[in-house]
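The paragraphs below go through a structure step by step, from the whole chain to single elements. Please keep the sequence and the 3D view at hand while reading.

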Amino acid sequence: MSEAALSSSPTGASRSPLRTAAPQSGFAPWKDPSKTPMVRFENVVKRFGDFVAVKDCTLDIYEREFFALLGPSGCGKTTLLRMLAGFEKPTSGRILVAGQDITELAPYDRPVNMMFQSYALFPHMTVEQNIGFGLKQDGMPKDQIAQRVEETMAMLELSKFGKRKPHQLSGGQQQRVALARAIAKKPRIVLLDEPLGALDKRLRQTAQFELMGIQERTGTTFIIVTHDQEEAMTVSSRIAVMDHGEFVQIATPGDIYEAPNSRYTANFIGDVNLFEGKVVNVAGGFAEIDWGPGLARFKAVAPEGCAGQQQVWLALRPEKIHIDLDKPTDASNALPGKVVDVGYLGSISHYHVELANGQRVKALRTNSSRTVDRPISWEDKVWLQWPAETGIVLAK
Amino acid sequence: MRRWLLISVPYLWLLVFFLIPFFIVFKISLSDIATAIPPYTPVFDFSMGIGEFISKLDFENYRFIFNDSLYVNSYFSALKIAGISTVLTLLVAYPIAYGMARAPKEWQPTLVMLVILPFWTSFLIRVYAWIGILKKEGLLNLFLMNLGVISEPLTIMNTPLAVYIGIIYSYLPFMILPLYASLEKINPALLEAAADLGSPPWKSFWQVTFPLSLPGVLAGCFLVFIPATGEFVIPDLLGGSDTLMIGKTLWGEFFGNRDWPVASAVAVVLLLVLVIPIVMFQSNQEKEREAAR
């Protein structure tokens, strides 16, 4: 209730941007095996000639989720969305909405509405007519259409623009009209294809919070396609990271960031340092990793199934590495190096540290005090250290 | 200075090749017929003053053509034939233009070429060719009789039907090209959006495609209707003596009767008949654009 009241602010500015992974605490329907998913992709394959756009994808998306399909262009995320909308037919597999097979349904018979990347607003219709278009197709009486259009426009602060044509609106306003048109029919699922791609960065951030507000107020399932990892992290309850037509990882933003399952995900979301090595010893839940002759072995939490002599990568987020001038006394992992680059950003500083073997490591430090006796600078000999729990051992 | 020169070129062109000739024709239309070269009075005579010269001009020829049913009927018949053939041309051209706009991108330049291709042959020759097709012992009748569809040859030549066929055939490219241009511009995502919002394809056509192609429809209709109204060659060659069209009447007046003043009056009225609705239409469009702003 309080969530809805807060999100009524159009910009969402009153809401804390520091949101936890799930929209409501404890919102995790994907953990509940008794729930019927709102959308289910079942072994969906899509080929265009020889090109395989989507390879055997199986995915469940639940009611009220804000689900993100994230990946570089050409990874199959848009194809997946278009198959759900009905614009493409799967080569094989099934798509179910609320337990009902919709694979063979025409786009105009599906309970989903889409917000297009290009907005695809009807240029010959006013804002009101655009928003009311879907309602008109359903044969809703005129007065009810007018009322619903009114409500939707009020929700998106468009009431002033009802009589205008799309070309008389700014990019941000057009984006809101496109969203209004997609939610006006109160569909069970709203699909968003790179909805904020055409906006500039500042407007995009405002629009992200607006999207989240609308999604929570309407209680609709939103599925967003984006290549912007920050956007996916901000808005979604869960993210599916895609590459070459396959899901690499499906998890909450927090899990994707803190527990990536592969180098691909670790690299795609946020900054990461990767060290290649070999497991030499597993003991007491910790793995010892040899990553080069003459270099101190890493100690990290051993993942399940981790065995000796296995080739692995250690992933380390820059902000989890502690940088210091003095050699630490009791760290599980400590590496000497030389600062080659410093980036001062005010609140934080970036350091690029070159190790003895030539590899460069990125480290981050928050500038928590105004004056420091001796700031770390270029050419400084420094020590990097981190606890065994922060490094992530990746097998692929 | 250079800018003014550049801007004045089209106006100069219009002045020399439209306005001045128009005033000459208009002046002739106010004169009387005479057995002379050129066959009308008065040519400006320096012996009389401007006042006297003007006093000799009158609207007698206009009165004459409005009182003679031949001319009035010719106008109405021409407008009717042009109007009906414009609608028929639109009906034939729309599916063609639609198919072109929906064809694979790499085919489209070829398709446009094919539409323009007939222009490489003389218009007159192409209309003549239709005589060979439409006449009693022509290709069409031979074809239909050999197929057994008909036992008696159809009479198409020298009927209004032949004129309609001729006009539709001749002016089809003028309709297809603007239609294609406006259809091709329509973002395919708009049709997806319409389908997504619950509109089946045939409804999407009337709600999205057709309204967005209206500028092309109007441009095409003007490009066909205006020259078709004044058309002379097609009714003369295919329509026979019974088909009344103002272009034919005008030709007869100039070259048969050698009554230049009346012929000029006919031409001036024809111009007004066509120009006035166009100007009204354009000012209306301008107003709509203003209102949209």
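A residue is called buried here if 20 or more other C-beta atoms lie within 10 Å of its own, and exposed if 12 or fewer do. By that count, 40% of the 396 residues of chain A are buried. The model is predicted. Along the principal axes, the C-alpha atoms of chain A fill a box of roughly 80 × 50 × 40 Å. The secondary structure of chain A consists of nine helices and 20 strands. Among the contacts in chain A with a separation of 6 or more, 65% are between residues 24 or more positions apart.

The buried nonpolar residues come next. In soluble globular proteins, nonpolar side chains tend to be buried together. The largest nonpolar core has 81 residues, and those touching the most other members are A:Leu69, A:Leu84, A:Met115, A:Ala180, A:Leu191 and A:Ile223. Helix α5(A) supplies the largest share of this core, with six residues. Apart from this core lies another, of 45 residues, which includes B:Met157, B:Met175, B:Leu238 and B:Ala263. Leaving out residues up to four places away in sequence, A:Leu84 touches A:Val39, A:Ile95, A:Val112 and A:Leu191.

Strand β6(A) runs parallel to β7 (residues 189-193) of chain A, and four bridges join the two. Within this pair, A:Asn113 stands opposite A:Val190 in β7(A).

Strand β6(A) also has a part in the contact between the chains. There, 17 residues of chain A are in contact with 15 residues of chain B. On the chain A side, the elements that give two or more residues are β6 (112-115) and α3. Helix α3(A) gives the most, with three residues.

Helix α4 (residues 142-155) of chain A has 14 residues and reaches 20 Å from its first C-alpha to its last, close to the 20 Å expected at 1.5 Å a residue. Its buried residues are A:Ile145, A:Val149, A:Thr152, A:Met153 and A:Met155. Seen down the axis of α4(A), these residues fall within an arc of 155°, so they line one face of the helix. An α-helix has 3.6 residues a turn, so residues three or four places apart point the same way. The buried residues of α4(A) pack against α3 (127-137), α5 (171-183) and α6 (201-218) of chain A. On the face turned away from the buried side, α4(A) carries the exposed residues A:Asp143, A:Gln144 and A:Ala154. Just after α4(A), A:Glu157 takes a positive phi of about 55°.

Further along chain A there are antiparallel sheets to trace. Strands of a sheet pair through backbone hydrogen bonds, either parallel or antiparallel. One open sheet has five strands in the order β13-β12-β11-β14-β20 (chain A), with antiparallel pairing. Its edge strands are β13 (298-301) and β20 (392-394) of chain A, each pairing on one side only. From one strand to the next, the twist averages 45°. Inside this sheet, strand β11 (residues 273-283) and strand β14 (residues 311-316) of chain A run antiparallel and are joined by six bridges. The bridge partner of A:Phe275 in β14(A) is A:Leu314.

Another open sheet of five strands has the order β15-β19-β16-β17-β18 (chain A), and its pairing is antiparallel. Strands β15 (322-324) and β18 (360-366) of chain A stand at the edges with a single partner strand each, so one side of each is left without a neighbour in the sheet. In this sheet the twist averages 45° from one strand to the next. Strands β16 (residues 333-344) and β17 (residues 348-355) of chain A pair in the antiparallel sense over seven bridges. For A:Gly337, the bridge partner in β17(A) is A:Leu355.

The loop between β18 and β19 (381-386) of chain A holds A:Ser368. Is A:Ser368 buried or exposed? A:Ser368 has 8 other C-beta atoms within 10 Å, so this residue is exposed. From A:Ser368 to A:Gly254 the C-alpha to C-alpha distance is 24 Å, and the two residues are 114 apart in sequence.

Notes
Residues are numbered from 1 along each chain as its sequence is written. Chains are lettered from A and ligands numbered from 1 in the order in which they are written. This is a predicted model: local features need pLDDT of at least 70, side-chain atom pairs count only at pLDDT 80 or more; totals for chains, interfaces and linings use all residues. Two strands pair if DSSP finds at least two bridges between them. Axes are lines fitted to C-alpha atoms, for helices over the stretch in contact, and angles run from 0 to 180 degrees between N-to-C directions. The expected span of a helix is 1.5 Å times one less than its number of residues. The arc is that of the directions from the helix axis to the C-beta atoms. Two residues are in contact if their C-beta atoms, placed from the backbone, lie within 7 Å. A nonpolar core is a set of buried Ala, Val, Leu, Ile, Met, Phe, Trp, Tyr and Cys residues joined through C-beta atoms within 7 Å.
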